[in-house]
Amino acid sequence: MANYHHGIHVEDEESYFASMTDVVIGLLFIFIIMLMFFAMRFQQATQQQNEVTAKQDALIDDLTDAEATRSHILGEISGYLKKEGISVIIVENEGILRLPEEILFDKSSWDLKKSGASTAVKSLARALDLVLPCYTLGARSRADNCLKTKSKIEAIFIEGHADSDAFHALAPPQQRPAGDFGQQGAAESLSILSFLNGGTPQKARPRAPTSVPQRQSFPPKDNLDLSALRATTTYRELLNARQELNQNLNPEDNPV
């Protein structure tokens with residue numbers, strides 16, 4: 001009887017240890033599966049992070065290239081104008097080339113001064129005609145003797161300005177003496193060329209007409225109108241001097 005009970009006790013211990021071994025093996029198996037799962041997730045997260053970092057680096061490189069290209073363009077144009085004896089102001093961080101107001105417009109006038117303004121704008125048109133084909137697309141695009149860059153000009157804005165003096169509405173030109181621009185109105189202004197390049201492509205816009213729009217016959221109502229007229233006057237003068245400027249296209253196939 002004693003031997004019988006001893007045999008049962010040994011069998012119980014062996015069964016107990018076998019069960020514990022199965023449990024430990026099962027837990028180890030689960031641990032290995034979880035470890036593999038987290039290792040795969042970590043690998044995926046690392047890969048995604050590397051892709052994000054690569055995109056960020058590429059974006060930074062594009063922005064850096066665009067800024068350098070824009071500065072180079074402004075330098076090329078201003079250098080040409082200075083050789084022509086025309087002083088310009090460069091606001092590099094904003095991508096602006098500014099012609100001094102004293103050479104462009106008389107007080108309250110939206111017509112370019114006869115003494116030097118038209119010459120200055122024509123010189124600017126020639127400078128643009130020389131520089132833009134390096135940084136635009138289209139039939140006139142070229143790469144010879146150009147800065148090595150992948151950036152292209154998206155748009156060039158021509159802006160007119162007026163000061164804080166209120167502009168008073170005047171009679172149509174035929175009802176006032178020649179040369180009378182209303183000296184009570186806004187003082188002299190300036191034109192700006194703003195270069196945007198390397199940015200996100202804009203939605204495609206209708207292509208600008210190749211012919212030069214006709215001039216507005218009636219005077220402006222206020223400084224906002226005056227500023228717009230000064231900008232369009234400068235635009236027309238640029239195209240009159242170099243009609244080919246309309247053939248310089250941006251990545252959206254629109255004239256810059």
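What is the accessible surface of the chain, and what percentage of it belongs to carbon and sulfur atoms? The accessible surface comes to about 15900 Å² (Shrake-Rupley method, 1.4 Å probe), and 58% of this area belongs to carbon and sulfur atoms.

This is a predicted model, in which local features need pLDDT of at least 70 and side-chain atom pairs count only at pLDDT 80 or more, while totals for chains, interfaces and linings use all residues. Residues are numbered from 1 along each chain as its sequence is written, and side-chain values use heavy atoms, with hydrogens and water left out.

**View 1. Order of the elements.** The chain holds 3 helices and 4 strands (DSSP runs: helices H or I, at least four residues; strands E, at least two; numbered from the N terminus). From the N terminus on, their order is α-β-β-α-β-β-α.

**View 2. Helix 2, residues 117–131.** The end C-alpha atoms of this helix are 21 Å apart, which agrees with the 21 Å that its 15 residues should span at 1.5 Å a residue (1.5 Å times one less than the number of residues). Its buried residues include Ala117, Leu124 and Val131 (buried: under 20% relative accessible area; exposed: over 50%; partly exposed: in between; 1.4 Å probe, protein chains only).

**View 3. The largest nonpolar core.** Of its 29 residues, Ile77, Leu81, Leu97, Leu99 and Leu124 touch the most other members (a core is a set of buried Ala, Val, Leu, Ile, Met, Phe, Trp, Tyr and Cys residues joined through side-chain atoms within 4.5 Å). Helix 2 gives the largest share of this core, 8 residues.

**View 4. Methionine 34.** This residue lies in helix 1. Methionine 34 counts as partly exposed because its relative accessibility is 44%.
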